[in-house]
Each structure stands twice: as structure tokens, then as C-alpha cells.
Amino acid sequence: MPLTPGQLAHWNARVLAAGTNAERAPVLWDLARVVAGRDEAAWADLVRLLTQWTQARAGS
């Protein structure tokens, strides 16, 4: 689902406000749920992607 300019500004601000990966992770999970909407296949793909991202940064 495409984001409106207002939504894009909101999410950009949330991501920029998160200074560390630990702070950024929940923002990205929230954004993924919004982007997936009701599309469960898209949500499953985003879960796999963000799980890998989270795990890769857990040690950094």
C-alpha cells in the first residue's frame, strides 16, 4: 500500500527519532504492519525480512 505524503512524513520522523538499532526495530515492525495492511502474504514476507534484520543487528 502506498503511503500518503503525511504518512511518509510521520514514518520518516519516527525512524529519524530512533537513534539506535534497538530503538529503530519496533518502529520498523510498526511500519511493516501498516505497509502490509491486510495482506497476510506481504506481512509474512516482511516478518521474515525484519527477523533477519533484527538478528543481524543483535550483535552490533
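Select Ala22 to begin: this residue lies in helix H2. Helices here are DSSP runs of H or I with at least four residues, strands are E runs of at least two, and both are numbered from the N terminus. Ala22 is exposed, at a relative accessible area of 65%. The cut-offs are under 20% for buried, over 50% for exposed and partly exposed in between, with a 1.4 Å probe and protein chains only.

Before moving on, note that the model is predicted: local features need pLDDT of at least 70, side-chain atom pairs count only at pLDDT 80 or more, and totals for chains, interfaces and linings use all residues. Numbering runs from 1 along each chain as its sequence is written, and side-chain values use heavy atoms, with hydrogens and water left out.

Thr54 sits in helix H3. Its relative accessibility is 31%, so Thr54 counts as partly exposed. Now pick Pro26. From Thr54 to Pro26 the C-alpha distance is 9.8 Å, across 28 residues of sequence.

**The whole chain**

Zoom out. The chain has three helices and zero strands. In sequence order the pattern reads α-α-α. Along the principal axes, the C-alpha atoms fill a box of roughly 35 × 25 × 10 Å. Of the 60 residues in the chain, 17% are buried. Take the contacts between residues at least 6 apart in sequence: 29% of them join residues at least 24 apart. A contact means heavy atoms within 4.5 Å.

**H2 against H3**

Show residues 21-36 (H2) and residues 40-57 (H3). The two helices pack at an angle of about 170°, and their axes are 9 Å apart. That angle makes H2 roughly antiparallel to H3. Axes are lines fitted to C-alpha atoms, for helices over the stretch in contact, and angles run from 0 to 180 degrees between N-to-C directions. Under 35 degrees counts as roughly parallel, over 145 as roughly antiparallel, 65 to 115 as roughly perpendicular, and the rest as oblique.

Next, select the contact residues. On the H2 side, they include Arg24, Ala25, Leu28, Trp29 and Arg33. On the H3 side, they include Trp43, Leu46, Val47, Leu50 and Arg57. The contact divides into 12 nonpolar, three polar and four charged residues. Ala, Val, Leu, Ile, Met, Phe, Trp, Tyr, Cys and Pro count as nonpolar; Asp, Glu, Lys and Arg as charged; the others, Gly among them, as polar.

**The tryptophans**

Which residues form an aromatic pair that is edge-to-face? Select Trp29 and Trp43: their centres are 6.3 Å apart, with 75° between the planes. A search of the whole structure finds one aromatic pair. Rings of Phe, Tyr and Trp (its six-membered ring) pair with centres within 6.5 Å; planes under 30 degrees apart are stacked, over 60 edge-to-face, and the rest tilted. The pair joins H2 to H3 across 14 residues. Trp29 is partly exposed, at 26% relative accessibility.

**Last stop: Val47**

Val47 lies in helix H3. Its relative accessible area is 27%, so Val47 is partly exposed. The C-alpha atoms of Val47 and Ala32 are 8.0 Å apart, with the residues 15 apart along the chain.
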